Amino acid sequence: MSENAVDLSGEDIHWNQDISYGQYLDLEKILDGQNCLSDSHDEMMFIVIHQASELWMKLMIHELTAAMECVKQDNLGPAMKMVARIARCQEQLISAWSVLSTMTPKDYLSFRDSLGQSSGFQSYQYRIIEFSLGNKNPSMVAAHQAFPEIHKKVDDALRTPSIYDLTIQLLAKRGFDVPADYLDRDWSEPYNASPAIEAIWSEIYRNGDKYWELYDWAEKLVDIEHRFQTWRFSHMKTVERIIGHRRGSGGTGGVSYLVKALDLSFYPELWSVRTAL
């Protein structure tokens with residue numbers, strides 16, 4: 001036996017399984033989904049990174065949906081764990097840009113025409129996450145009109161209270177004086193900052209020991225937005241590195257569009273309260 005070989009003779013290995021590792025994970029279907037449309041070496045990497053990102057987003061939606069239900073039920077304990085897991089998923093999404101950034105402009109142009117008008121801008125899972133976190137924009141739903149089932153999912157996320165809307169409703173349940181128009185409004189419209197909401201967060205932050213759970217929850221939300229903005233920044237710089245200031249494949253302004261997105265805020269009072277303190 002080779003010095004580097006592992007002796008498995010004493011192990012109770014199940015060589016004949018009722019279900020294999022590959023079957024359980026449906027690997028054949030997953031690994032058969034990388035269908036390059038060009039002869040470019042880098043297209044495989046481009047496809048794999050985006051597919052892996054969509055899988056991470058699927059897990060994020062799973063956790064986010066459950067966390068939002070917990071907030072509705074005033075049960076922040078499990079929601080804390082779910083949101084912490086979402087933050088770890090975000091780390092994976094952020095790190096993916098470092099792999100994509102190994103692609104040079106010449107590499108990308110070698111298969112760019114194969115993309116046609118497809119673009120990450122059209123990712124419906126990204127849009128559901130963005131709406132659920134609080135960045136509502138009704139105009140973004142139109143991109144999915146050609147696919148009724150997907151359109152409904154995105155539209156439902158648009159018209160459902162975000163995790164921040166639910167958090168504000170929770171503040172009212174816990175006795176804080178929340179303005180009535182923040183408890184029942186058109187959830188599809190963008191959130192507007194409120195001095196009254198900032199004052200509530202200021203009281204919570206100034207009395208962290210008394211309101212520890214809400215204080216901790218607020219910081220969890222800030223962490224998610226911080227990572228989301230880090231992801232956006234990494235996206236913008238990677239695009240700039242690869243295509244400069246050319247228009248994006250989906251018709252957006254490319255870098256100019258991504259720069260605008262960096263100015264958006266999900267939880268404005270959780271940022272402004274820091275200055276107020």
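**Group meeting talk: helices and rings**

Hi everyone, let's start with α10, which has 32 residues and reaches 46 Å from its first C-alpha to its last, close to the 46 Å expected at 1.5 Å a residue. That expected span is 1.5 Å times one less than the number of residues in the helix. Helices here (H or I, at least four residues) and strands (E, at least two) are DSSP runs, numbered from the N terminus. Just after α10 comes Gly-244, with a positive phi of about 65 degrees.

Before going on, a word on where this comes from. This is a predicted model, in which local features need pLDDT of at least 70 and side-chain atom pairs count only at pLDDT 80 or more, while totals for chains, interfaces and linings use all residues. Residues are numbered from 1 along each chain as its sequence is written, and side-chain values use heavy atoms, with hydrogens and water left out.

Now the whole protein. How many helices and strands does the protein have? There are 12 helices and zero strands. Along its principal axes, the C-alpha trace spans about 70 × 55 × 35 Å. The protein exposes about 15900 Å², and carbon and sulfur atoms supply 53% of it; accessible areas come from the Shrake-Rupley method with a 1.4 Å probe, and for residues only the protein chains shown count as cover.

Of the 277 residues, 42% count as buried. Buried means under 20% relative accessible area, exposed means over 50%, and partly exposed is in between (1.4 Å probe, protein chains only). As for contacts, meaning heavy atoms within 4.5 Å, take those with a separation of 6 or more: residues 24 or more positions apart account for 70% of them.

Let's go inside. A nonpolar core is a set of buried Ala, Val, Leu, Ile, Met, Phe, Trp, Tyr and Cys residues joined through side-chain atoms within 4.5 Å. The largest one here has 71 residues. Among those with the most contacts inside it are Tyr-164, Trp-201 and Leu-270. Which residues does Trp-201 contact, leaving aside its neighbours within four places in sequence? They are Tyr-164, Thr-167, Leu-171, Leu-214, Ala-218, Glu-269, Leu-270 and Val-273.

Ser-202 is in helix α9, residues 195–206. Ser-202 counts as buried because its relative accessibility is 12%. Not counting residues up to four places away in sequence, Ser-202 touches Val-273 and Leu-277.

Next, the aromatic rings. Rings of Phe, Tyr and Trp (its six-membered ring) pair if their centres lie within 6.5 Å; planes under 30 degrees apart count as stacked, over 60 as edge-to-face and the rest as tilted. By this rule there are 15 aromatic pairs. One of them joins Tyr-164 and Tyr-267, a tilted pair at 4.9 Å centre to centre with 50 degrees between the planes. This pair links distant parts of the chain, 103 residues apart: Tyr-164 is in helix α8 (residues 163–173), and Tyr-267 is in the loop between α11 (255–261) and α12 (268–276).

Phe-228 and Phe-266 form an edge-to-face pair, 5.1 Å centre to centre and 65 degrees between the planes. Here Phe-228 sits in helix α10 (residues 212–243) and Phe-266 in the loop between α11 and α12, 38 residues apart. Phe-228 and Phe-266 are both buried.

Tyr-126 lies in helix α6, residues 124–133, and is buried at 13% relative accessible area. Tyr-126 touches Met-57, Phe-228, Trp-231 and Arg-232, not counting residues up to four places away in sequence. Tyr-126 is also 66 residues from Met-60 in sequence, while their C-alphas are 9.7 Å apart in space.

There is one more ring to look at. The charged end of Arg-274 sits over the ring of Trp-271, 5.6 Å from its centre. The rule asks for NZ of Lys or CZ of Arg within 6 Å of the ring centre and within 35 degrees of the ring normal.

Last, two loop residues. Most residues other than glycine have a negative phi. Asp-26, however, has a positive phi near 55 degrees. Asp-26 lies in the loop between α1 (21–25) and α2 (27–31), and at 37% relative accessibility counts as partly exposed. Asp-74 also has a positive phi near 55 degrees. Its loop runs between α3 (42–72) and α4 (76–100), and Asp-74 is partly exposed at 34%.
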